[in-house]
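Visitor: I have a structure on the screen and would like to go through parts of it with you. Could you take my questions one at a time?

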Amino acid sequence: MADPLLIFDALLGVALIALAIAVLVVRDRFAMIVLFIIFGLMTALAWVRLSAPDVALAEAAIGTGLAGALMLKTLHHIRAAPAAPVPVSVGVVFANMGFCAMVFVGLAIAFMATSLEAPGLAPQVAQNIDASGVAHPVTAVLLNFRAYDTLMEVVVLLAAIIAVWMIERGIEQAPARHLGEIYRGFARLALPAIVVIGTYLLWVGAYAPGGAFQGGAALAAVGLLLLLSGLYRPQPAHRPIARLGFVLGIAVFASVALLVASGGRLPFEYPPAHAKTLILLIEGVVTISIAVTLAALFHGREPEAIPVSETRA
Amino acid sequence: MTDLPRIDWPTLVVFMPLMGAMLAFVCPRQAAGLGLVAVLSTAAAVAALVLEVLAQGAVVTRLGNWGAPLGIDLRADGLSTLLLAMTAGVGIFVSLGALDSYAPMRADARTRRYFWPLWLLLLTGLNGAFLSTDIFNLYVMLEVIALAAVGLTVLSGRREAVRAGLEYMYASILGALLFLMGVGFVYLELGRLDFAGLIAAEPAPALTAAVALMIAGLLLKSALFPLHFWLPGAHANATAPASALLSGLVVKVSLYIFLRLTQYMPLPDELLVTLMGALGAAAILWGGIQALRAERLKLLVAWSTVVQIGLIFVAFARAGQLGLVESWKAAALLILAHAVAKAAMFLAAGRIKDEVGHDRIRDLDRSHIRPTLAQFTFALSAISLIGLPPSLGFAGKWMLMEGAMAAGYWHWIAVTMIGTLLSVAYFSRVLAGFLRFDRLRTPVGEHQGWALADAAPLILALSALGLGLAAAPILAFMEIGYPFGTTP
């Protein structure tokens, strides 16, 4: 008697491959993006089936939701550009296919030859989790054991937004046709709900799947809604606040990491009695920074004085 | 923080530029001043770290006091500290050069403001990578470096720069993803990610796959022929201080990680080492030919980076697998030599372009304006890149050939010689233009001598020349903490 979930898994696997092929084959760019978003959601499902709900949440929120929004926005900007792809000769295609197949086979052989029994770091994490200040192992790793990595991941986001604010100047003022309206009534209903969801994701991270990146992505959706519904329009005067918002998370995170290093402690060594408080503080500010940065990435440019032609009554 | 029993220099070396980057970003009007202060204080922290390493050997910081493999350790041994010092030294002078290059009359306000946070974030990533002992942490640092470097590439905002930057970003991210996939295979096999785990590991299929993936990613990031396609465009189209940072420092990170991994992983068999050397040789030839054909000064300098990266890989392979215990030092010396000389050369090329108004090589001898000191600087750094005594480049090449001779690998000596001749040829194209000053008989322009802005590249070029005399102490210093991985 086959396990019904096994059938589900098999179908999911087939669907993933089929969607991946479809994304590559389909000609229309809008369809391509929509298929990619579906692909991302299916991937999130696959992560759930692999018992990795944290990764699933991140995949759904960032890899699919936010990345999808970014791609749709980009499509809006390049809509005027010709869609016809540069023709590639069949020989190149086959050479590429052959090469990739070789790499794939090599990696598959290496993978099959490896026993999957290696315990990894899970036992050590379980052993030290009581000292970490939180009960959820993924949060313990991200915010305590390997907090340095997490800090630097937030730094990557900061570098990204600075680079985006830089680059945009090179492009002449885009002929930004209006991106389509979101009904404000809907925005008013949805916004409070998203805020609650984002905050919940952040809070629940201490003992269950969730955390700063997922919560931040959910809260970034608030920013997207505000931007799309026109309830908020970025002004040049808001730049200093935006800058503060981008760096807030890193500033607090790095300061905590350094300031705990007194009285014989090392950097990132939170005093056990305050570990939970400090981790929540860090997660809270990092969530804010991630949300602001992701929303700003979606907006895609440093707010400048807006040309009269673009302002709408 | 004076009440601390011991100031933790490795942490400060990473966090100082990070704090500086945030301050410079939040206060854009004071960006230059804040940035300079951050660069200088980081350099001071590096100097303190150098003294500490000299006094007591490798320095280890267990972040969070968990200890690897659960936590992440920072480790500063001779090689790491040497590269930190190289980054700090080059960084100071490129920053000084940037003060002039992005002066109000030359660059718009945005370039001036955003250069500093991007450069300080880059410095954070570079320092973090040199101190890292954990391959996932290295991946994160590579990401920080990649995004900051792309930002610096497109600093000028010109269309070609943006296009080259996009290409660079694709290459860079593909390289990082390949590296990350390798990290995944390492974790699959070993269940840990720290260097100590790698050293203890037995050879296994998963580790072979990991090495293949990580090296492929690193080669793409270090632009070894034939994966160099993104480099000339990106480095030639960036503004001069950005080019100096990209060419002098950024490509060195992946080379450094490559050197480390080859010491730690149960890898290199003879065939792989020879393959690296062969690709290096191809880079020397192809890059040399392209440099001979280049029409723009900065493009020529960028192609010379391709050549020098090839040379570093030849140095790595100079004595085959058995020679690896020594060859990494020749490679590291060449890394250092190239960083200092190339930063000087890009800054000088930028000065020449600023003064003359263009950088077409064939018209360099037809200009009213002769920035003689910048031209002199260019020539000095060319001496180090060609490898004439007493420069650091000479010391590196000498070590390369000595090792190859001892091992009887004459083909590497032949390659190095051909590369040297090619570099004499392509740099002569530029230098000849500097010398033939009788082509244009008009009154000489206002800036015919020098400007204060020439000081930074000149000092760098002089150090590239003079450090060759200090090659022996440098070599002794980089061996502190070797063999790697034995705990300090």
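Guide: What follows is a set of questions and answers on a predicted model.

Visitor: Is G249(A) buried or exposed?

Guide: G249(A) sits in helix 10 of chain A, which spans residues 239-259. A residue counts as buried once 20 or more other C-beta atoms lie within 10 Å of its own. Because G249(A) has 28 C-beta neighbours inside that distance, the residue is classed as buried.

Visitor: How far apart are the C-alpha atoms of G249(A) and T287(A)?

Guide: Beyond its neighbours within four places in sequence, G249(A) is in contact with several residues, among them V285(A), V286(A), I288(A) and S289(A). T287(A) is 38 residues away from G249(A) along the chain, and the separation of their C-alpha atoms is 7.4 Å.

Visitor: Which helix supplies the largest share of the side of chain B that touches chain A?

Guide: In this interface, 54 residues of chain B are in contact with 46 residues of chain A. Several elements of chain B each give at least two residues to that side, including helix 1, helix 4, helix 5 and helix 6. The largest share, ten residues, belongs to helix 5 of chain B.

Visitor: How are helix 2 of chain B and helix 4 of chain B oriented to each other?

Guide: The axes of helix 2 of chain B and helix 4 of chain B come within 9 Å and cross at roughly 20°, in a left-handed crossing. Since angles under 35 degrees count as roughly parallel, helix 2 of chain B and helix 4 of chain B are therefore described as roughly parallel.

Conventions:
Residues are numbered from 1 along each chain as its sequence is written. Chains are lettered from A and ligands numbered from 1 in the order in which they are written. This is a predicted model: local features need pLDDT of at least 70, side-chain atom pairs count only at pLDDT 80 or more; totals for chains, interfaces and linings use all residues. Helices (H or I, at least four residues) and strands (E, at least two) are DSSP runs, numbered from the N terminus. A residue is buried if 20 or more other C-beta atoms lie within 10 Å of its own, exposed if 12 or fewer, and partly exposed in between; C-beta atoms are placed from the backbone. Two residues are in contact if their C-beta atoms, placed from the backbone, lie within 7 Å. Axes are lines fitted to C-alpha atoms, for helices over the stretch in contact, and angles run from 0 to 180 degrees between N-to-C directions. Angles under 35 degrees count as roughly parallel, over 145 as roughly antiparallel, 65 to 115 as roughly perpendicular and the rest as oblique. A crossing is left-handed if the near helix is turned anticlockwise from the far one by less than a right angle, and right-handed if clockwise.
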